[in-house]
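Student: I'd like to go through this model with you. Can we start with the metals?

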Amino acid sequence: MKAMVLRKTAPIQEKPLTVEDLPIPEPGQKQILVRVSACGVCHTELDEIEGRLPARLPVILGHEIVGTVEGLGAETSNFQLKDRGGIAWINSACGTCFLCRNGNENLCPEFQGTGCDVNGGYAQYTVISEDFAYLIPDRFTDCQAAPLLCAGAIGYRALRLAGLRDGQILGLFGFGASAHIVIQIAKHKYPRSQVFVFTRAGQQAHQNLARKLGADWVGATGDTPPAKLSCAIDFTPAWRPVVEALRVLEKGGRLVINAIRKEERDKDSLLSLDYPTHVWLEKELKSVANITRTDAGEFLPLAAEIPIVPQVQEFDLQQANEALLLLKQGRIQGAGVLRMPE
Ligand SMILES: [Zn+2]
Ligand SMILES: [Zn+2]
């Protein structure tokens, strides 16, 4: 099978992913073999490639995987051959620790990430425990379904953690793969709420997409919106949006950071943190880490019911380096998805 492999960390500009021919993996007793048709690209992959997030090298990246079940381990029972299955970031957790037993398997000390601790979906085939795979609702194409598995599912979790109530104001900082799905969930679940969207200055295409998807106000990070935010989600890899979000947060409001790592480049922004302006009056800061199977399992049918229409930009598998560079530059509209060769 063809795969894009990361052997050594490097800046994405150096195109560190290489095309390789590898044997098709064999499914274990509890695993299914999936012939991948589409795999989304995610900021987390940039963190792995550039060394901010340690991955088990060499590794096949990719954790927004959609494909067809083509092989079944002897002890599987949830899937049949030819089913359309999806795989997300959570590849496994121990199932027995305190965190797993209390619905927090995303925080399990044994947590393994797809395309990080084990091989993922930048390849024609992959294997997964059937307990960590999901049926994909019929209404989505393979490419539309891929970004639902990370950008969508973790956005769903972030929105839940933000604690928005109908009628309150939600702020979204950064408007890429995840935020453009979250606005659609928010507009469905909280019809009386207003959504304010903040992008990098000059990101006209992202701002236009936000307006098209129902944003009630759109501006640049650093702008002061017409009202304070009851809660906010930061989807960016930078620090300045965190400071700016805290500044325009309502008393008692909560900011959720939806990022697995932050880049160092604008860390100095944190020096402008001023206690009365940014922190006082019971403002809260919380991060979101990984997802549980419940997040993905609840979100996929909800996405079909709303329905969420992910905007995707497609690339060939061999263009993974180029797709990730565009992602880093903020030049992908909606979500980027790799298509596998036939
Ligand atoms: Zn992801
Ligand atoms: Zn556990």
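Student: Which residues coordinate the zinc ion (ligand 1)?

Tutor: C42 (SG), H63 (NE2) and C150 (SG), at 2.0 to 2.2 Å. Donors are N, O and S atoms within 2.8 Å of the metal (3.2 Å for Na, K and Ca); water is not among the atoms, so sites may look incomplete. Bear in mind that this is a predicted model: local features need pLDDT of at least 70, side-chain atom pairs pLDDT 80 or more, while totals for chains, interfaces and linings use all residues. Residues are numbered from 1 along each chain as its sequence is written, chains are lettered from A and ligands numbered from 1 in the order written, and side-chain values use heavy atoms, without hydrogens and water.

Student: What spacing do those donors follow along the chain?

Tutor: C-x20-H-x86-C. C42 sits in the loop between β3 (31-40) and α1 (43-49), and C150 in the loop between α3 (142-145) and α4, so the pair ties together parts 108 residues apart in sequence.

Student: Are C42 and C150 buried or exposed?

Tutor: C42 is buried, and so is C150. Buried is under 20% relative accessible area, exposed over 50%, partly exposed in between (1.4 Å probe, protein chains only).

Student: Now the zinc ion (ligand 2). What are its protein donors?

Tutor: C94 (SG), C97 (SG), C100 (SG) and C108 (SG), 2.3 to 2.4 Å from the ion. Their spacing is C-x2-C-x2-C-x7-C.

Student: What geometry does the site of the zinc ion (ligand 2) have?

Tutor: Tetrahedral, with angles of 104 to 117° among the four donor atoms. The cut-off: four donors with all angles between 85 and 135 degrees.

Student: Why does C100 count as buried?

Tutor: Because its relative accessibility is 13%. C108 is buried too, at 5%.

How values were computed: Helix = DSSP H or I, 4+ residues; strand = E, 2+ residues; numbered from the N terminus. Tetrahedral: all angles 85-135°; square planar, octahedral: opposite > 155°, others 65-115°.
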